[in-house]
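Open your viewer and get ready to click through some side chains.

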Amino acid sequence: MSQPQQSFDEMTRYIRVRSEPGARFVEFDFAIGHPDLFVELVLPQAAFEQFCKHNHVVHMDEEMARQVDEEMVKWRFGEKGHL
């Protein structure tokens with residue numbers, strides 16, 4: 001028996017902050033449902049905090065970020081890579 005599909009609104013939202021702590025603008029990756037399929041966004045700190053709260057985001061941990069980076073290398077170069 002197949003499992004029920006999540007609706008779009010139920011999908012997990014992931015973020016990965018790329019900017020330095022305390023920067024005027026927060027540069028981050030934002031993904032819905034699949035952490036390896038993301039868009040790059042930039043927001044002022046206050047707007048970023050509101051964005052995160054509104055989307056109930058999950059911050060990518062180091063292991064998740066490493067896996068995403070390895071997948072990017074794989075798709076660019078045709079083989080699993082290590083950074």
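Before the first stop, one term: a residue is buried when its relative accessible area is under 20%, exposed when over 50%, and partly exposed in between, using a 1.4 Å probe and protein chains only. What you have on screen is a predicted model, where local features need pLDDT of at least 70 and side-chain atom pairs count only at pLDDT 80 or more, while totals for chains, interfaces and linings use all residues. Residues are numbered from 1 along each chain as its sequence is written, and side-chain values use heavy atoms, leaving out hydrogens and water.

**Stop 1: a charged pair**

Select Arg-16 and Asp-69. Both Arg-16 and Asp-69 are buried. They form a salt bridge (a side-chain nitrogen of Lys or Arg within 4 Å of a carboxyl oxygen of Asp or Glu), and their closest N and O atoms are 2.8 Å apart. Now colour by secondary structure; helices (H or I, at least four residues) and strands (E, at least two) are DSSP runs numbered from the N terminus. Arg-16 sits in strand E1 (residues 13-17) and Asp-69 in helix H2 (residues 62-77), so this pair ties together parts that are 53 residues apart in sequence. In total, the structure holds four salt bridges.

**Stop 2**

Next, select Glu-63, Arg-66 and Glu-70, which salt bridges link into a network. Which residue does Arg-66 pair with at 2.4 Å? That partner is Glu-63, three residues from Arg-66 in helix H2, a separation of about one helical turn. Arg-66 also bridges to Glu-70, with the closest N and O atoms 2.6 Å apart; these two are four residues apart in the helix, again about one helical turn.

**Stop 2**

**Stop 3: around Val-26**

Finally, centre on Val-26. Leaving aside neighbours within four places in sequence, Val-26 is in contact (heavy atoms within 4.5 Å) with Val-17, Ser-19, Leu-41, Val-42, Leu-43, Gln-45 and Phe-48.
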